[in-house]
Amino acid sequence: MPLPIVRAGDPVLRQQARPLTPEEIRSPRIRRLIEQMRETMRKAPGVGLAAPQIGESLQLLVLEDAAELQRELPAALLAEMQRVPIPFQVLINPVILERSTDTRVFFEGCLSVPGYRALVPRHANVRVRARNEQGEEVEMAAAGWYARIIQHEVDHLGGMLCIDRMWPRSLCTTEAYNEVWLHRSIAEAIAAFEADPGR
Ligand code: ZN
């Protein structure tokens, strides 16, 4: 059964989540939680889900960017996003070891802030160390949209939301995003939202 997703306003989304021990990672409770998170993320549908989003203040996240989620999107957009299919993955106690100095600005949304998108700057590349669902230590380099997903989900484990990092003036409803921005380049969106005519 998919679990209900916690929405912005619930204090669990603002807490520092606690790490899991290797014994806990292999426990039936955490194995079951990972299965439920996978199901919840796929049903939403989303490309990542962190444990605080289902009300558990634990350093655990799942991610997956399935090809079928990308099929409906314009090819030019996917290229700009540097978005390619990413298989299902579990990251436990993740630490971002390195962040590239170059950043990318793109529209981003969150299952805990439904109905909105905003431009959010993120590092273009990151290097991450974590434990997998077997409790083994893994290290990986991520680029493009994959790097963005990791940064977004790791933020959740530290009580941070993408709205803390967004360009506030770029906040769009999902409807407006689909109408206005889905088929336009990110450069146009940046130009529209970065300058503040009131200043
Ligand atoms: Zn989120």
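**Before you start**

This is a predicted model: local features need pLDDT of at least 70, side-chain atom pairs count only at pLDDT 80 or more, and totals for chains, interfaces and linings use all residues. Residues are numbered from 1 along each chain as its sequence is written, and side-chain values use heavy atoms, with hydrogens and water left out.

**Stop 1: the zinc ion**

Select the zinc ion. Which residues are its protein donors? They are Cys110 through SG, His152 through NE2 and His156 through NE2. These atoms lie 2.0 to 2.2 Å from the zinc ion. Donors here are N, O and S atoms within 2.8 Å of the metal (3.2 Å for Na, K and Ca); water is not among the atoms, so sites may look incomplete.

Now read along the sequence. The donor residues follow the spacing C-x41-H-x3-H. Cys110 sits in strand β4 and His156 in helix α5 (residues 144-157). The two are 46 residues apart, and the pair links distant parts of the chain. Helices (H or I, at least four residues) and strands (E, at least two) are DSSP runs, numbered from the N terminus.

Are Cys110 and His156 buried or exposed? Both are buried. Buried means under 20% relative accessible area, exposed over 50%, and partly exposed in between, with a 1.4 Å probe and protein chains only.

**Stop 2: the largest pocket**

Select Pro45, Gly46, Val47, Gly109 and Arg117. Of the 35 residues that line the largest pocket, these lie nearest its centre. The pocket has a volume of about 880 Å³. Its lining takes at least two residues from each of α4, β4, β5, α5 and α6. By class, the lining has 20 nonpolar, eight polar and seven charged residues.

Some terms for this stop and the next two. Work on a 1 Å grid over the protein atoms alone: a pocket is an open set of points with protein on both sides within 12 Å along at least five of seven lines, while a cavity is a set where a 1.4 Å probe fits but cannot get out. Lining residues have an atom within 4 Å of a point. Grid points are joined across faces, edges and corners, and a volume is the space filled by probe spheres set on the points. Ala, Val, Leu, Ile, Met, Phe, Trp, Tyr, Cys and Pro count as nonpolar; Asp, Glu, Lys and Arg as charged; the others, Gly among them, as polar.

Stay with Pro45. A cis peptide bond joins Ala44 and Pro45, with omega about -15°. Pro45 lies in the loop between α2 (28-43) and β1 (48-50).

**Stop 3: the second largest pocket**

Which residues line the second largest pocket? Among them are Val95, Arg99, Pro121, His123, Gln151 and Asp155. β3 (86-99), β5 and α5 give two or more residues each to this lining. The volume is about 200 Å³. The lining divides into four nonpolar, three polar and four charged residues.

**Stop 4: the cavity**

Select Leu77, Phe106, Tyr177, Trp181 and Ile186, which are among the residues lining the largest cavity. The volume of this cavity is about 40 Å³. At least two lining residues come from each of α4, β4, α6 and α7. Seven are nonpolar, one is polar and two are charged.

**Stop 5: helix α7**

Select residues 186-194, helix α7. Ile186, Ala189 and Phe193 are buried here. Look down the axis: the buried residues of α7 fall within an arc of 55°, so they line one face of the helix. The arc is that of the directions from the helix axis to the C-beta atoms. An α-helix has 3.6 residues a turn, so residues three or four places apart point the same way. The cover over these buried residues includes α4 (75-81), β4 (103-110) and α6 (174-181).

**Stop 6: three single residues**

Select Val128, in strand β6 (residues 125-131). Val128 is buried, at 0% relative accessible area. Its contacts (heavy atoms within 4.5 Å) include Pro94, Leu97, Met140 and Ile150, not counting residues up to four places away in sequence.

Next, select Gln82, in the loop between α4 and β3. Gln82 has a positive phi of about 50° although it is not a glycine. At 38% relative accessibility, Gln82 is partly exposed.

Finish at Asn93, in strand β3. Asn93 is not a glycine either, yet has a positive phi of about 50°. At 16% relative accessibility, Asn93 counts as buried.
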